[in-house]
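Please look over the model shown here, and then follow the questions and answers on how some of its elements are arranged.

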Amino acid sequence: MDGAKSAGSVKQVDSVAGSVDAMLSPMTDIFQVYSDGSFDAASRSGGWAIVAFKGDVQIHVASGTTIGSSNNSFEVLSVMRAASWLEAEATGMAAVIWTDSAHVVEGCHRWRFIWRGNGWKRVRSNPHERRRPIPDADVWRELDAFLERNPLVTIQLCKGHSGISGNEQADAAARSALGLG
């Protein structure tokens, strides 16, 4: 998704309404940011959204659209947008970025270290595929650098479409940004 940072439109709304599912926010002194992406294969475009909470108070909502190649692209982009917001508004603070994408969680917890060591390429035993580029490598590099600079921020998996308020709000905002909501 080259140019994803500058492409597309951004809608931002700050509000003081909402709540976080108590089961997922036992530590009310840290930020809880829910992120989600949505993709329309027919138009090759997608939406991303973040919903941020401090304790049980919703403090920030942002969403946008851009051109992309897959749903995974928008899932990782949404987490990067959450990271960018945290870096701008809560530098040095503890936070959890919640995503319903196992791809993003695995990428953050495991694959980014391997990809970084391989020069942001996939190394495979097949000589024809040996050094394939990582999809969305620019976003992954940016997210990797953010996580290295911000050790108090963690990326966690939440179950999508299961009634978790923050996740449902992020999903609705991403779909709405794309025009699907």
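Two strands pair if DSSP finds at least two bridges between them, and strands (E, at least two residues) and helices (H or I, at least four) are DSSP runs numbered from the N terminus. This is a predicted model in which local features need pLDDT of at least 70, side-chain atom pairs count only at pLDDT 80 or more, and totals for chains, interfaces and linings use all residues. Residues are numbered from 1 along each chain as its sequence is written, and side-chain values use heavy atoms, with hydrogens and water left out.

Q: Which residue in the turn between β2 and β3 has a positive phi?
A: Strand β2 (residues 31-40) runs antiparallel to strand β3 (residues 45-54), joined to it by 10 bridges. The two form a hairpin with four residues between them, and the residue in this turn with a positive phi, of about 55°, is R44.

Q: Which residue of β5 is the bridge partner of V33?
A: Strand β5 (residues 95-99) pairs with β2 in the parallel sense, over five bridges. Within β5, the bridge partner of V33 is I97.

Q: Are α1 and α3 parallel, perpendicular or oblique to each other?
A: Helix α1 (residues 71-89) packs against helix α3 (residues 137-149) at an angle of about 40°, with the axes 10 Å apart. Axes are lines fitted to C-alpha atoms, for helices over the stretch in contact, and angles run from 0 to 180 degrees between N-to-C directions. Angles under 35 degrees count as roughly parallel, over 145 as roughly antiparallel, 65 to 115 as roughly perpendicular and the rest as oblique. The relation of α1 and α3 is therefore oblique.
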